[in-house]
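Here is a short report on one protein model.

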Amino acid sequence: MLAIEKLSLKINYNFLIKDLSVSIFPGSITYILGKNGAGKTTLLKQLAGLKKIEEGKIKLYDLELGEFEKPYCLFIGHKLGLELEMRVIDHLEYWAESYNSPQMIPAAIEFWNLEDILEEQAGSLSAGNMKKLSLSKLTCCHAELWLLDEVETNLDELNLKCLHHSIMSKANSGGIILISSHMNNKIEKSQSINLWDFCD
């Protein structure tokens, strides 16, 4: 279970989020909703251990995040985390090795249809293929907690279906998935947290 307890986020002494408390259980898909600037990305970065928690606590399976050895989660943000001079296959191998799941590389290549671009440098890819390469982390990196920041944007219909299939499969296997969005939920049987309910 992921437990957020009395979490608050301030920017220039103004609360973006105040006293957010929620429990998110394994097997759930949760949308973090709010307009631009509402604190969605910052919240996900706090959950990922990439940004300091100033007020409140976050626990995963009854342990505070600082007690986990990284990587304990998979975070995909607005910035896709690609090294432009690295080949596609190099990215896959680096990510999978970091998560101790190299056996998942062939599945990632097949599922995301990367066969024809494996030797290409990331910087030479189209915007769509860059996004698809970044999303392939969902297949080649094993983590029980997924933190996905606006990942549904700028995807064609086919790759959006692949993304939703990956998310639902992870939930069905007991994973915890949080997705930030400024729109309504796109996946059935998902729940939502509206950050505007926790602003000052």
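E5 stands opposite K57 in β4. The strands β1 and β4 are joined by 5 bridges and run antiparallel. This is a predicted model.

**The antiparallel sheet**

β1 and β4 belong to an open sheet of 4 strands, ordered β2-β1-β4-β5, with antiparallel pairing. At its edges are β2 (14–24) and β5 (63–64), each of which pairs on one side only. Helix α1 (residues 40–47) packs on this sheet and touches β1, β2 and β4 (55–60). The direction of α1 makes about 130° with that of β1.

On the β2 side, strand β1 (residues 2–11) pairs with β2 over 7 bridges, again in the antiparallel sense. Here L2 stands opposite I24 in β2. At the other end of the order, β4 and β5 pair over 2 bridges in the antiparallel sense. L60 stands opposite L63 in β5. The two strands form a hairpin with 2 residues between them. Y61 sits in that turn and has a positive phi of about 50°.

| Strand pair | Bridges | Sense | Residues standing opposite |
|---|---|---|---|
| β1 and β2 | 7 bridges | antiparallel | L2 and I24 |
| β1 and β4 | 5 bridges | antiparallel | E5 and K57 |
| β4 and β5 | 2 bridges | antiparallel | L60 and L63 |

**The parallel sheet**

Another open sheet has 5 strands in the order β6-β7-β8-β3-β9, and its pairing is parallel. β6 and β9 (191–194) stand at the edges with a single partner strand each, so one side of each has no neighbour in the sheet. Neighbouring strands are turned by 15° against each other on average, direction ignored.

Within this sheet, β3 and strand β8 (residues 176–181) run parallel and are joined by 5 bridges. L33 stands opposite S181 in β8.

T30 also lies in β3, which spans residues 29–33. Is T30 buried or exposed? T30 is buried, because its relative accessible area is 0% and the cut-off for buried is under 20%. Which residues does T30 contact, leaving aside its neighbours within four places in sequence? They are I24, I177, L178, I179, Q191 and I193. I24 is also the residue in β2 that L2 stands opposite.

**Helix α4 and its cover**

Helix α4 covers residues 127–135. Its buried residues are M130, K131, K132, L133, S134 and L135. What covers them includes β6 (74–76), α2 (88–98), α5 (137–140) and α6 (157–172).

The charged end of K137 sits over the ring of W95, 4.9 Å from its centre.

**Aromatic pairs**

A pair of aromatic rings is described by the distance of the centres and the angle of the planes. The count here comes to 2 aromatic pairs. F68 and Y72 form a tilted pair, 5.7 Å centre to centre with 40° between the planes. F68 is partly exposed, at 23% relative accessible area. Y72 counts as buried, at 10%.

F111 and W112 form an edge-to-face pair. Their centres are 5.2 Å apart, with 80° between the planes. Why does this pair count as edge-to-face? The angle is 80°, and planes over 60 degrees apart count as edge-to-face. F111 is partly exposed, with a relative accessible area of 29%. W112 counts as buried, at 1%.

**Cysteines**

How many disulfides does the structure hold? The number is 0. A disulfide is a covalent bond between the sulfur atoms of two cysteines. C73 is in no disulfide, and the nearest cysteine sulfur, that of C141, is 11 Å away. C73 is buried, with a relative accessible area of 6%.

C141 has its closest cysteine sulfur in C140, at 3.9 Å. That is too far for a bond, because a disulfide needs sulfur atoms within 2.5 Å. C141 counts as buried, at 3% relative accessibility.

Conventions. Residues are numbered from 1 along each chain as its sequence is written. This is a predicted model: local features need pLDDT of at least 70, side-chain atom pairs count only at pLDDT 80 or more; totals for chains, interfaces and linings use all residues. Side-chain values use heavy atoms; hydrogens and water are left out. Buried means under 20% relative accessible area, exposed over 50%, partly exposed in between (1.4 Å probe, protein chains only). Contact means heavy atoms within 4.5 Å. Two strands pair if DSSP finds at least two bridges between them. Axes are lines fitted to C-alpha atoms, for helices over the stretch in contact, and angles run from 0 to 180 degrees between N-to-C directions. Rings of Phe, Tyr and Trp (its six-membered ring) pair if their centres lie within 6.5 Å; planes under 30 degrees apart count as stacked, over 60 as edge-to-face and the rest as tilted. A charge sits over a ring if NZ of Lys or CZ of Arg is within 6 Å of the ring centre and within 35 degrees of the ring normal.
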